[in-house]
Each structure stands twice: as C-alpha cells, then as structure tokens.
Amino acid sequence: MLAWTIYLSFAGALLQALLPKGRNDLARWLALAFAVAGLALAVAGFVAGMGQGRVIIIDAPWVPTMGIHYLLAADGISRVLVLLTGLAAVAGVLFSWNIELRTNEFFAFFLALIGGVYGVFLSFDLFLLFVFYEIAIVPKYFLIAIWGSTRREYAAMKLALYSFAGSAMVLIGLLAAYATSGSHSTSLIDLAAYAHSGGLPVSFQMWCFPLVFTGFAILAGMWPFHTWAPTGHVAAPTAASMLLAGVVMKLGAYGCLRVGIWLFPHGLDSWGFTLLGFIGSWRDVFALLAVIGIVYGALVALAQTDFKFVIGYSSVSHMGFVLLGLMTLNQIGVTGAVMQMFSHGIIAGLLFAIVGRIVYERTHTRQLDELETMHLAKRLPFAAWAFVVAGMASMGLPGFSGFVAELQVLVGAWTAKPWWTFAAGVGIVVGVAYTWRALQKAFFSDRLPTADEHPKTGWHNLGAITWPEYAGVALLTGVSLFVGLYPRILLDTIEPAVKALLAGGGQ
Amino acid sequence: MNYPGFYPDLFRVTLPETALEVAALLVLVIDLGFLRKAALKVRVAVAALIGIAGCGAALWALQCTARSGLSFDGDVLLAQGGYTQVAQTGILALTILTLLLFIGSAFTRHAGEYVSVVLMAAAGGLIVSSAQDLLVIFIGLELLSLGLYILTAFAKSSGKSAEAAMKYYLFGGMSAAFLLFGFSYLYGISGSTNLNKILLASFYSSASGGAPLLYVALVLIAAGLGFKVAAVPFHLWAPDTYEGAPAPAAAFIASVSKVASFALLISISTAAVHLFDGVHELRFVAFTLGPPPKYLGLWIPWSLILTVLSAASMVVGNLAALAQISVRRLLAYSAIAHAGYILLGLAFFSHSNASANAILYYILTYGLTTIGAFGVVDVVQRATGSDRLDAFLGLHKRNPLLAAVLLVLFLSLAGIPPLVGFWAKFNLFAAVLGVSAGPVAFALVALAVALSAVSLYYYLQVLKRAYVMPAVDETPIKAHPVTMAVLLAIAAAVVVFGCFPALLQNWIAGF
Amino acid sequence: MNEFSTGIPLLSLLTGLPLIGAAIALWSGKHARAVALITTMSSLMLALLVWTRLPVSGGMGLVEQLAWAPSLGIEYHLGVDGLGALMLVLSAIVTLMSVDAAHRVHHQPNLYFALVLVLESGLFGSFTALNFFHWFLFWELSLIPAFFLIKLWGGPRRGPAATQFFVYTMAGSVALLVAFLAIFVSTGSMDFGHLTLLASTGELEQMVTAHLGPVSLWLAIGVLAGFAVKVPMFPFHTWLPAAYAEAPSPVTMLLTGAMSKMGVYGLLRIAIPLFGPQIAQIRTPLLVLAVATIVMGAWAAVAQKDLKRVFAYSSVNHLGYCLLGIFALAVPSAGAAAQASQAAALNGVILQMFNHGITAAALFWFVAMIQMRSGGGRGIDDFGGLRKPAPVFAGLMGIALFSSLGLPGLNGFVGEFLIFRGVFPLAWVAATVSILGLLVTAAVILTVIQKVFSGPVPERWAAFPDLHHGERLALAPVIGLMLLLGLVPQVIVDSVNPTVLNLLAHWRF
C-alpha cells in the first residue's frame, strides 16, 4: 500500500507536466488531490503498521546480474518519515496556492520531488535508495532556480552541486561496500546481516563509514558542509523551502542512519588513539561536528537581519540534534533523532510557511528592521500567533513535538558523553534567544519608522489570510501539538525499529 | 594462397560490410542517376532510406553469419560473436539513427554522397570492431577515418566546417603515422601481425629484457588510438570538429566512431588479459619465476598508459567543459571526459567479460544519448543560428518537447538515476572495483565519481537556460517530424533502459 | 493512595475547563469577559469540590495515572494533597479576581481573556502534576501567556519588562530541565512520587553519583535556581519590579497571587523531597539569601514612589518568609519539640502562600481602581486624604493593607506567626534578623496609608469617586475571606496539617 505513495506522486508529476498551460486552478486542485491521497496512504500505512516490524512491500529482481533488487519495505522509521513526507506535501501544496507562474510545471517538479522522497524512505535496497535519493536532487534545483527569490540561481546551483558532491561520496562508498562484500546482493537487509556477522573488515568500515556518512550528512546540513542550507532555504519558494527543511534534509539524516550506521557497525569504533585528547573515534568527530552545528547555527541565526535566514540557520541547528542523536548510538538517542526528524520537518515547514508565504508575500520584505516598523502583530494577528506557536515548538517547549525529541537526544547524549549534552544545551538556550528575537522584531515591536525609512509601497494593504493558509497552519500546528502531547503515537512505532536496527536488523 | 575456402569464408564473414558497401553504391547510383531533377527533400529522404535499408540488411546479415570468425593460416583476422557482435549491432543501430537525423537536417545538396560516405565509414567501423590483426585494424581505421574527414567537411558553405575538417585531417594523419610506426615496432619484436601472437611474443620479450622497445611501441599505439577516442592529450581536434562538423556528421563521429574505436581497445585488452587462458606453458613459466604475478608482458605498461590517459581525460575534459559557451564544444569536452571513464574500465580490465560488457554498455548508451544531444543542438542551431548557451534561452517555451528531451539526455549524461547514464557509470565502476579493490583503483573511481559531480554543473548550465532563465525570443521552434520522433524515441529509450537496466545488460551478456 | 478517587477524572476536568473556556473566549469577541467569568467561577467550584474530596490521610488523592511515553518515563500522573488542593483553590480565586478586575480591556479582549484562561490552566496543571514532564509542560504553559499579557497590554515600558521576565524564567526552566535530565539519565524515572521514595532512602544520590559522578549538589542548585527565579529569591528577583509594575494590574494580580506560588510549591514538591541532604548542606547560604530577600524586599519597598512597585517589593518580602520557613526545615534537629516546630513552620509556609496570594491580589486590585479613577496615576505622593471623598474604598483597602502588614485578626498574621513560631527554635539568628523585615514592612504599609488616605485632600481629588455597588459586591467576598481566615484559620489548617505531617514524614535532610 505504501508503495503507491511513490507511484501516485510520480503519476501526478507526469500528469501535471502534460497539463495544458493556463489551467492553474486545475493544476492546484490536482496537486492537492495527489498530495492528500499520498498523505492518506501514508496515514493508512502508518496505522496498519502499528505494532508490526519490518514489512516487505515488494521484492523483485531488478538487475539480477548485479544482485540489485527492487525492494520496497517499511519499518517503523520509514513509516514515520513517510507520514512526515505526506504531511509536508499537503502543507506545501497549500502554501503554494498563490503560485501563478508556470503553475503546472511547479507542481510537476514538486510532486516528482515528493515521489523521490517517498522512494528513499521506503527503499531497502542500497541502489534503489540511491536512485531515489538522486531523483530528489534535480527537481529541487528547478524549484529553486525558477520560482525562487534572492540569488536563486546561485543558491539552486550551490544546492545541486553540494547534493551531488554528497551523493558522489555516497556512491563511492556504496561501490566500495558492494565490491568488498562480494555478497552479490545489494539488499540492505542482506548487506546489514553480512556486515553484522563480521563480513566487512573493520579497517574497511573505518574509512568507508565516514565517507558515506559525510556524503549523506551534507544533505542533513552538517557543519561545516551546511552552507548550502541557509542560502538554499532563503532562495527557495515557500513550498520548496518547506520541503527542503522539512523532508530533504531528513533524507540525508535518514541515509546516515539507514546506510551509514546500519551497514558499518564498526565504523564508529574507537581508533585506538586520541586526537586533542578527546577525539578517539569517528563517533567523536561527528558528534563534535553536530554539536558545533547546533551551537553555530543558533549563534548565526541570532545575528541575522533577514527573517528567512534566521529560520534557515535554525534548521542547521536543529538538524545538529538529529546527527547528535544518531551519534549516541543508544536506543533513546537514536529514537530521539528520528523523532527530531519528524518534529523538525513539521516545525520548520510551519516557520518557513509563515515567513515566506504569509508574511513575505504580503510585506515583500524579510528584513527584520523593516518588519519592525510594520507592527504585524496588530495587522496580521493570525501570522503573529501562528509564529508564536511555531516558535514555541521550535524552542522546544514542552507540549510540542520538539521537546520530546530534543529531550530524548539530550538524554541519549548524556548517557553517551555528558559534555555533548551541555554543549547542545547551550544551543537550546541560544535557540530560545533567536526565536524570541525574531518574534519580537518581526511581530511584536512598537518601533515607529524613522524619517529616513520609507515604508515600501503597498505595505499598507496586506490582504486577508486565505483559506489554504489557515488550513496549512492548522494542519502543521495540530500535528506538532498532537505529537508533543501524545508522543507515544510515534514512539511506539519508532522504538522497536530503532532497537532492531541497532541490533543489526534481524527482525 | 594455399588456404582453400578462404574467400568463401571472407565473403561469409564480411557479409554485413558488403551489404553496407552495396547500399553505398546503390545510393550513389539512384541519387546521381535517377533523382537529379527531384526536390532536395525527396532526394534526402530516398538516400537516407536506402542507407537505412542497407544498415538493416547488414544487421540481418550479422544475425545470420556463423560465429566462427575469419582465420588465415590459423590466425584470426576478423572475430565474430561476443563483444564484436554487440559492437557491430550497436554501430549499425546508431548509424540508422544518424541517418534519420539527416532527413530533418538538409545541410547539403549532395544527399547521395553524404549517405554513401556514412555507409562506407560505418563499414570501416564494423571492420575495426572485429579486427584481430594489425593490418586489418589499420585498414579499417583508415576507412573509417577518411569517411569522417569528408563528413566533417561536408557543410561546404561553412568555413568552420572546412577548418575543422582540415584540423581533423592533419591530426588524424599524424596519429595514423604514429599508429603505424608503433605497429611496425610490434611486428619487429614479435614477427607477427596477429594480436594474440604479438602479446604472446611480448611476454617472452619482456621476460628476456626487450621491454624498452615494447614500451615505445605501446606509447605510439596509445597515441594513435588515443586520438581516435579523443583522450587527453590527443584530444585537440575534438572541440573544433564537434563545433564545425554538420550536426548529423558530428553525431556520427561522436557515437559510431567511438563505438568502433572502443571495440578495438576491448580487443587489445581482451587479448592481453587472456594471455594465460590460451597458453598453458606460460603459466608454468610464470610459476617457476616465483610468486605468480597477475599480469605479465604487455599488460602492466598498457594498463599504466591507459590509466594515465584516463585520469588526464577525466580531469581535463570535465574542467575544460566548465568554461565553454558553445554547447557543441561543451559536448566535445564532455565526450573527452566520458572517454576518460571508459578508459578507466579498460585500464582495469577483467578476466571474465564483465569489463567488456560494462564498457559496451557504456559506449552504446553514451552513443545513443549523444546522438540525441546533437539532434537537439542541431534543431536549436537551425532556429537560432547559434549553438551558444544563450541560444537555448527559454527553450521550454519555444518547444516544450524538445526541452524535455534535452532535460532527459543531459541528466543522463550527468549520470543522474534512474536514467541510463547512471547505470552505465555504475556498471563500469563496479567492474573496475571488481577487478581491483586496491587503493589505486579506488582513488581513480573516486576521482571519476567526484568529477561526474562536477559535470553536473555544466550540464545544468544548458538546462538552466532552457528552463530557468527568461526567454529573449519566444517564437516557437519547429523541428522536423522525423527528427522529433527520433529524439523522442531516444529519450524514451534513455528512460526505459534506465528504469530497466537489466534489459540491455542481458542483451549484451547474451552474446 | 487511591482510595478517594472518584470515577470522574476531576483534576483533568479542572485543568481542561479553562482551556475550553479559552477557546470559546477567543471566538466570542466582546463577550469574552463574560465567558471568562463563567469559566473561572466554574473552575472555582470545581477546585472547592476537589478540596472537599481530599483524603484524610494527607496523602495524594484523586490520582489519575496513564502511560504517556513510557520509554522517557513520561506518565500522565495527576494527584493532589492538601498543599496542591489549597493552591488550586487559591489559583481559582485569584484568577476570578483578576478577570473581575479586568473590565477595562478594550484592545482585543477576546485574546486577553483567552490568555488569562490558558494561564489558569497552566496553574492548575502544574499544581496537580506528579510527573516531571507533565509538570514542566504546564509550568511553561503558564509562562507564555504571562509573557504576552505583559507584552501586549502592559504599560509604557512593557517591552523590556516582558523580555526580562521571559529571559529570567526561561533560564530558570533550562536549569530545571538540565537537572531533571540528569535525574532521568541516572534513575530512568521522572515520577515525583517514585523519586521522593528513592531520595528518602538516599538511593537517588547514590544513583546520580554512580551515573554522573558527585554532581547531586549541582543538580540541587540547578533546581533551586529554577524555582528561586519564579518565587523570586534574592538575588534573582530583579525581573520582578519591572514586570509587576508594567503589567496591567489584573495581570499583576495573577503574577503575584498565583504564579509566584508556583515557585514555592516547586520547592516543597520537588526541591526539598529530592534534594533534602544537598539543601541541608548549603542551608546557611540559603537561609542568608532568604533573610536577604525579606530584608532587602522591605527596604526596597521603602524607597519606591510607585504604588505598584511598593507592593511588588513587599511581595518579595512576604515570599521571603516562605523561603525562610522552608530552608529552616533543613536545619538539623531532633526530638518532639523540633518536629512540632517543623510542622508549625511548614503549616505557616503553606498558609502564608495562600494568604499572600489573596492579599497581594487584592492590593493590586485596589491599585487598579485607583488608576482607573485617577486616569493612570499611582504615585504614592500623588494622593492624599482619600479617606474623605472615598471612605468605603479607604476602609476596604485599609483592611487589605493591614492584612499585608500582618495585623492579628487578619489572614496575613497567621501564616507569618506560624513561620516565626517554627523558625525561632530551628534558626534563631535568621528569624531574629527577619524581624527587621517585619518592622520595615509595617513602616512601608503605614506610610502608604498615611500618604494616600490621610492628610488634606488635594483639590483635584475632592471628587474622587467612591466604590460603586458592583465593586463593593465584588470585593466583599475577598475582604470577607481575609477576615474569616484571620479569625478562623482552622478552616485551612485542619485540612493542611495532615499533609504537612505526611510530607515531613517523607522528607529526609
């Protein structure tokens, strides 16, 4: 059933591409229909999969000579992330309702991207996963380059090249693993079983793991390879930044977990020596980078003058928690990382929607200093309060999904290495500060424009909030609150899957 | 000639080549004899159709010929079956495609001559890909090359075309001289012109200290063949030729001649690595010399030379392509880069036919894609008068289908799954790592993969203009229906072969 | 534990009711205040119902326990004892007073009352939670509306005041969170009851030491800091005067009447039970800080010219007594007399919490009325002789002021008396110095009475309107409560005393 999420999205993309020009409303409703259908399938798959382990959806030989399978399956982690993708897709369509330029093409690329993302989350064959992973890169480029804003071509190219460089690293690693294992199967399940039974030499894992992990982590926005993220997020049209932050960065993190950690169980072992006295394994290295990302992203977000850059850097910071959670290698930390993927997907989507769609499309500025003089809390109260809720969620206040996720990551990190927790804790505190600062400046400031600040023309008439905006905000806040208040809905699904994965995958 | 049955054998084995030659003559006769007064359109169509029929006949003949090859005095002259047959089938199929593109691209009044030269060159290609003897190789190469020189110069009204042909011819002549010089050394060392015998002899020669001369010969041969496949540093003709030649001719050069040349390289490499399989006493010798080395004789220096050519081609091709503003030159440098990847597969050549299959898969799909790319460039160039990047501005509005074809083909060239270019690369690199999983092979594969990431940048430069940047001129671009049909078919093939890579792989492995 | 639980999840109902009210208020435009009044009154009824259902043993009653996120030790675990129930009643009363007082909200009244009701829910939730996560959820839930109430409806310098309030409290929350993370990592539990049990046998400290090294003291300091900000304790109090002064008076009523009690409650429910030995270890500095809170609060009040700031600092001073009473418990002592002293001190603390809540809220309400009549003026020197034009007003506010001063016969006296009665035997130096605070407070209150109500009437206040009937009606129950609790404190003490004994029995220093 879940496999149809992929096929439906691609079918939708094809249909959109063939749609005659000028039928913009038709394109929108079609896109919404496909996205909702995908979400419905994802929800149905999620509910049906409760209490089940890994379920093979389809396993057909694809390239028999090389042992490549067309193998789709879903475990708890997949199901949760597929659900996230469905939600992000629906919200993305809702927040792109106002796109008038080449509407059908926009939704074609959009749905193609979504289809690729569904595919990655459901692939249990190394190469199938890689194929879907790459499929997701191209539409991203066009979405940003055609429909983006600030320096869009530069940002799109940067994003595409970073992604492609990352996937090149992954490909090298995968080829190496494939050649070394000699197992003549690229099924992740077989390879993982092989790796966990000691098939892959430790020394090989030691160099292959960082390659693959870094390759995926580039897309997850790991410091110092994160620089595509803020520029990409800022340049992208709202729906694309929602997808970028919401699901595409998760692709990277998912790859780190599903391929990096699962296939190279010894890649994180101790080197036997230490650098600088505290770095004694790749685990320490990546955890350090994750922590730096958390703190650095938060600090840079604090200094931004562009509203969207604040959110862009906050994504870097929040994705740091995912990577840190992965590096804990314990049940609770990795569960937290998956939770955080879901949670950040929802929250970042919401933040970008508010900043990019609800505010920017009306004020035509994202400069905090200019927004400060507009008193948006009074003029766009819905936007202001939606941002309050989203900001609270982003800060990780209890009751929202982010809290449970970050709490788990912190607990896991503390169990692994306490100092990680403290460093990450600093990131949380700064996170409160930048969110609060953005909130204050963009919505709740009382400052009047000075004489030399001429308000932009047209900012007097901000336009009413439209129904897709209400619907999108309601959907995303609702989900974040629901998961925050009843985290078991996801935890019960994630935990067994993480447990099985860390144990080697024999489920 | 005390070898009875040689001529019947010769006729039987060269039936496909004969079919092509007959068709070439037939075209001339019909075009020059009966259609002098007919409209150009009709003449072009008739000429191309006869050419296609000739290729079809050759394909049919290829299926019928027994798979024994042609031998003379115990030495194989022309091989049959296996990779040879795959390459020959590929050459004929790709020739058909370029002839179809010719229908929509009336750049010359001399339709009969053009098709006839194409067919003869294709015949040369068939010979090259099956030749196992230095002399046959050389004759085939010359037949192929002479055709290509003429084809390059075929746009008589264009100064660029003439200039390109002259450059191509001069470089070609030089490289033929190198090749011949190298061949003469080999003959001098081994006393034979048969590939297998030469390699056998070269083993004894290197074992007995005669290696330096052998290395000189190898370098000379590499220079000659490197020219054919446009490997750095023998690539200088490629950008000019690709830019100046008429598009169907350029497509032919970029695809058919590449397939033939790489088939030849496969022959050489196969012969080199198969040394042990045929000659048992050698194995004995090898064991008595101490720990058994993996390859002896010619193989190690040959592999080394190919590695150097490969690395240089990948780096130079990809980096130079970044700076191009002419799409044809961009395709030329990308061709150089792709040749670099394939050379890597040749440098790490496997004992089984995994490498040969991977290389054929690569070169065939690359030929297919590049013909399509030249087809698109030709249509755009006809409409805008330029092949600059900016000529592609707003293509998605001017001809959405053409833009879609361009998108598919260029992404395939960049190696984005699920298009066929990805599987070609993957296959090839997997074959390389299957041969050697050592640090050198890994480093080179890593370099190749990294550079293919770089290549995305220049492919995207074209796609960016087609899709992203605003159009200057929004008048629709019309393509000849046959051209459009061919291009769509190619794009569809690229997608289908990409989604079901096993189709083509099984077909290649089936021979 | 569970003997008194009824079939109805009374506490969930109580917590959820204001949230539902908030949602309705948000959509009811100008009628939001009516909705809020109905909601808060119903909440008060429910809270009183809870009060009547307390178990006689002094343990937890009305317990509701459901699995929430077991892997994180998160449970939906609710329950009240005498302390919690008293705080519920106090919160309900203060919120009702606040809504009653806020009849001049013109700007977005629906939002205003919705936020007040959310805040009330946060209060109820945090006073009933028995699991850290659950408690923390409501602790933060109360913070956000408070921030916006100050930020959007406050006085001219509301921006910085709200920011300061938010940053301080948030920092405190982070300290709490880190401490609980450590506890969870060590014990795998977030349940207050379970952790109290572990702490009472000393296992908690052992587990923490085993997992994280000897950091128990630091965890205790983290937790204390989190609560100290909220109470506030010197020197974490600097956010308070600005926030109290800039917030609209009805919101100040909530801040001082109910929210400051969250801090004291947290000390009693969390800090002392879990970190008794650690607190005992640093009791001297803590006592010094408590005394400093009392004395500095009182002295600072002397220097103020703004009525709201006067009462703000006097609030600091009054809550200082609570701190004094709590930290004095940590002084080592033995024997029946000492136990009696401890019980007295703790009873005093709880009574003081309730009484201060009522009195301080009432005082700020009076300030709101003064502001309304004077067009915003609230300087202590701006008025004079109001007794003449507004005798009823002067009389009622006088009662509240004397209650605040701690005049016997009024509610303010009982709590303070019990605290001093308990603390003297335990920590006589601290108690003695604190007397100074009592005296200064008396001076401050008397100064206020003298400057505002006595003396000649300035011309512009000659027509200062007295309380009208509606206001009298609204104030009457509050003043009545002050008198009632002053004269018959048993109403509360009888219910609270079993809880006090129960708590003391479980604590270990």
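Two residues are in contact here if their C-beta atoms, placed from the backbone, lie within 7 Å. The model shown in every view is predicted.

**View 1. Helix 3 of chain A against helix 4 of chain A.**
Helix 3 covers residues 76-95 of chain A, and helix 4 covers residues 103-122. Their axes lie 9 Å apart, at an angle of about 170°. Angles over 145 degrees count as roughly antiparallel, and helix 3 and helix 4 of chain A therefore fall in that class. From helix 3 of chain A come A:S78, A:L81, A:V82, A:T85, A:A89 and A:G92. They meet A:F110, A:I114, A:V117, A:Y118, A:F121 and A:L122 of helix 4 of chain A. Nine residues of this contact are nonpolar, three are polar and none is charged.

**View 2. Helix 3 of chain A against helix 21 of chain A.**
Helix 3 of chain A also packs with helix 21 (residues 488-503) of chain A. Here the angle is about 140° and the axes are 7 Å apart. The two helices are therefore oblique to each other. On the helix 3 side of chain A, the residues are A:G76, A:I77, A:R79 and A:V80. Helix 21 of chain A brings A:L490, A:T493, A:I494, A:P496, A:A497 and A:V498. By class, the contact has seven nonpolar residues, two polar and one charged.

**View 3. Chain A where it meets chain B.**
This interface puts 28 residues of chain A in contact with 26 residues of chain B. Four elements of chain A each supply at least two residues to its side: strand 1 (55-63), helix 5 (126-135), helix 6 (137-147) and helix 7 (152-181). Helix 7 of chain A gives the most, with 14 residues. The chain A side holds 24 nonpolar residues, two polar and two charged.

**View 4. Chain C where it meets chain A.**
In this interface, 21 residues of chain C are in contact with 25 residues of chain A. Strand 1 (61-69), helix 5 (132-153) and helix 6 (158-187) of chain C each supply at least two residues to the chain C side. Helix 6 of chain C has the largest share, nine residues. On this side of chain C, 17 residues are nonpolar, two are polar and two are charged.

**View 5. A:L323 in the largest nonpolar core.**
The largest nonpolar core has 637 residues. A:L323 and A:L324 touch the most other members. Helix 14 of chain C gives the largest share of this core, 20 residues. Leaving out residues up to four places away in sequence, A:L323 touches A:A217, A:A220, A:M222, A:A253, A:F286, A:A290 and A:G293.

**View 6. C:L351 in helix 14 of chain C.**
C:L351 sits in helix 14 (residues 336-374) of chain C. C:L351 counts as buried because it has 27 C-beta neighbours inside 10 Å, and the cut-off is 20 or more. Beyond its neighbours within four places in sequence, C:L351 is in contact with C:V414, C:G415, C:L418, C:P489, C:I492 and C:V493. C:P489 is 138 residues from C:L351 in sequence. The C-alpha atoms of C:L351 and C:P489 are 8.6 Å apart.

The peptide bond that joins B:P417 and B:P418 is cis, with omega about 5°. B:P418 is in the loop between helix 18 (400-414) and helix 19 of chain B. Helix 19 of chain B has 16 residues, 420-435. At 1.5 Å a residue it should span 22 Å, and its end C-alpha atoms are 23 Å apart, which agrees. Helix 19 of chain B is mostly covered, with 15 of its 16 residues buried.

**View 7. A cis peptide bond in chain C.**
C:V231 and C:P232 are linked by a cis peptide bond with omega near 0°. The loop between helix 9 (216-230) and helix 10 (239-246) of chain C holds C:P232.

A:L329 is not a glycine, yet its phi is positive, near 60°. A:L329 lies in the loop between helix 13 (307-328) and helix 14 (331-363) of chain A. With 17 C-beta neighbours inside 10 Å, A:L329 counts as partly exposed. B:A230 is also a residue other than glycine with phi near 60°. The loop that holds B:A230 runs between helix 9 (211-228) and helix 10 (237-244) of chain B. B:A230 counts as buried, with 29 C-beta neighbours inside 10 Å.

Definitions and conventions
Residues are numbered from 1 along each chain as its sequence is written. Chains are lettered from A and ligands numbered from 1 in the order in which they are written. This is a predicted model: local features need pLDDT of at least 70, side-chain atom pairs count only at pLDDT 80 or more; totals for chains, interfaces and linings use all residues. Ala, Val, Leu, Ile, Met, Phe, Trp, Tyr, Cys and Pro count as nonpolar, Asp, Glu, Lys and Arg as charged, and the others, Gly among them, as polar. The expected span of a helix is 1.5 Å times one less than its number of residues. A residue is buried if 20 or more other C-beta atoms lie within 10 Å of its own, exposed if 12 or fewer, and partly exposed in between; C-beta atoms are placed from the backbone. Axes are lines fitted to C-alpha atoms, for helices over the stretch in contact, and angles run from 0 to 180 degrees between N-to-C directions. Angles under 35 degrees count as roughly parallel, over 145 as roughly antiparallel, 65 to 115 as roughly perpendicular and the rest as oblique. A nonpolar core is a set of buried Ala, Val, Leu, Ile, Met, Phe, Trp, Tyr and Cys residues joined through C-beta atoms within 7 Å.
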